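Dear colleague,

Please find the structure below, with its sequence. A short account of the findings follows it.

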Amino acid sequence: MNELMAAAKVPPLSNFPTVNNDRYFANHPTIKLIDQCSTPQHLNQIHAQMLRSGLFFDPFSASKLIQSSALSQFSTLHYAQKVFDQIHQPNLYSWNTLIRAYASTSQPIHSLAMFIRLLHECDEMPNKFTYPFLIKASAKLADLRLGKGIHGMVVKAGFSSDLFVANSLIHFYAECKCLDVACRVFSSMPERDVVSWNSMINGLAQNDCVDEALEFFHRMEAENMTPNDVTIVGVLTACGKKLDLKFGRWVHSYIEKNGITMSLILSNAILDMYTKCGSMEDARLFFDAMIEKDIISWTTMLAGYARLGNFNAARDLFDSLPSKDIAAWNALISAYEQSGNPREAIAVFNELQLSKAAKPDEVTLVSTLSACSQMGAIDLGGWIHVYIEKEGVRLNCHLVSALIDMYSKCGDLNKALVVFRSVDKRDVYVWSAMIAGLGMHGCGRDAIDLFMKMQEAKVRPTSVTFTNLLSACSHSGLVEEGREFFHQMGKVYKIMPSVEHYACMVDILGRAGLLDDAMELIQNMPMTPGASVWGAVLGSCKLHRNVDLAEHACNKLLEIEPQNHGAYILLSNVYANSGKWDKVSELRKVMRDVGLKKEPGCSSVEVNGIVHEFLVGDNTHPLSRKIYLKLDEMAGRLKSVGYVANKSQLLQMVEEEEMQEKALYLHSERLALAFGLITLGPSQPIRIVKNLRVCEDCHSVAKLVSKLYDREIVLRDRYRFHHFNEGRCSCMDYW
DNA sequence: TTAGGGTTAG
């Protein structure tokens, strides 16, 4: 300590003016020393010296110490708070410094607590510096009511036209997804700087309003406001979401032409744009030329390869990572999960668990739960739920939605409801996930009730909520209710129906046999009907055996998606249902000519945490012999109760009767069912996940088996859930 | 007498 003071040539305090004449303290050598401080020990020594000399009792000097301890790299906020608490009368600067520091932590709520203390304890009123920090904390908390309250105080205190205050308000409202209010703040500003524009552009881009974001960028240029690197990050985010590679390349050259500072963040944003737009070549070229790279650069590349299905390149990159943090693992897991490879996602999760290389975080758990949902892997999903509870992982709305989705999609609606009821904070995703869960299990009325409760809870529905709600109406045949919600969407909730909503509505009408109404709706659509709309028509035609309309819908569907084999299969089913076997063969030939193969049926069933998959006619399973014996036994018992195979949905025109029966008998869900009967205990439900829609014959078999073997069978097909119990199915034979 | 707001992955 003495050495330090000697080195700084600090004279004793008596040589300096006293507290009464504090204008000179800024030049006091001890205070100057604070700025040069670089270790916690130094800071400690200065703190001690200040206490000894009495300098600490000067508010200005104390505020310098607070600033250094709260905002520097080498000190902790905890220490700063302790120092603060020793100050007798901290000045506003000290209060602001702590409010600022807390706003940047993971617990911005402390900023609020300090603000309230400030109002009680400080002689001075909050000033124009206080509010931006406070608004930043509110933005981080995404607490709209809180932020609105602070906005009110800002107006009252007369700071609403302060540039910094207004900019933080724009950011805050965008963060709360209130883009209209953000825009209003922006428009009402007497002066704007580049940050005002950036906050708007980034806010819009983050909230998927990509065209609006780009519009702001062009407006900014037109108004001669020079964009900087942060602006371009927002523009690139928009490009990446627009999947517009051409524009992305233009932005890249814009950076070079306009001499915009190339920061690491900007470089990563460029990489991200290229990978999202699908050009790994551009991304790689840029990545290899980057002088400085961080973990984000690596994971962006990794996720890019994986998203495009180049898993070898992704894995190579992952293995060559200089250090793997949880984000790198998450990139690999979520890439597999999001590209429809849940099995691989789960394998990587298991690898992570075994290696103990990093601790799974909330993102890991959400991705893995989603992989479980896709696989129907309820054991692992349940294990993750236990893990969350055991490790005390904070259940945020993301995780809650993922759990509800997992339990719903794995067929355990009750568990999904238990999770839903156990939380008190429910955002729109949580409500929407639960509505979807009820819908897919055929509980349309409950889904509607829940939607009403959501209104009571004052949670605003989104476009996704309505998709789930309409789909719930469709699965339960609730035509009038569906119509009503469809109309309310735009009128009451100001959400314009998208092509997805139209598809749901067409589905609702079509399934109910109101094919004319469905076609009328399509004709009056304000946008071009997409594949989902024609798919819904085709599905309804299958149900109601309308050959002419099916042909029309199939043609339309193939115009949009020439490689859609589902379209051929459905049309073929329509022909078969009407006994038009010649048409079936013709169609089969067309499929062969265009090189399309029927996606092989695949069903899986989970036993003791291991998911067993079966293809049509599969005999590769180790227990294959036993499975086929069981199938024979099942066939015998089915026949004894008068079951006759329904062959109408066989794609192939198989000549011989016996062959036809064989083909049905070997359907993957039948194999999975037999395996479930062998391996699962009598009280355990058999949960099967099938990649295609279940055929009518297998549906009847499952109903009978549930009765004959006194088993609960839960079958998830491509479209919905079927709960078989005591000879009945929850879909009421309506799917 | 000190100062502030906006940015990249999953």
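Leaving aside neighbours within four places in sequence, asparagine 198 is in contact (heavy atoms within 4.5 Å) with Gly203, Met220, Asn228, Val230 and Thr231. This is a predicted model, in which local features need pLDDT of at least 70 and side-chain atom pairs count only at pLDDT 80 or more, while totals for chains, interfaces and linings use all residues. Residues are numbered from 1 along each chain as its sequence is written, and side-chain values use heavy atoms, with hydrogens and water left out.

Asparagine 198 belongs to helix 12, residues 194–206 (helices are DSSP runs of H or I, at least four residues, and strands runs of E, at least two, numbered from the N terminus). The residue is buried, at a relative accessible area of 5% (buried means under 20%, with a 1.4 Å probe and protein chains only). Its side chain makes a polar contact of 2.6 Å with that of threonine 231 (a pair of N or O atoms within 3.5 Å, one able to donate a hydrogen and the other to accept it; residues adjacent in sequence count only if both atoms are side-chain atoms).

Further along, strand 1 (residues 602–607) and strand 2 (residues 610–615) run antiparallel, joined by six bridges; strands pair if DSSP finds at least two bridges between them. Cysteine 602 lies opposite leucine 615 of strand 2. The two strands form a hairpin with two residues between them, and asparagine 608 in the turn has a positive phi of about 50°.

Yours sincerely

Conventions. Chains are lettered from A and ligands numbered from 1 in the order in which they are written. Buried means under 20% relative accessible area, exposed over 50%, partly exposed in between (1.4 Å probe, protein chains only).
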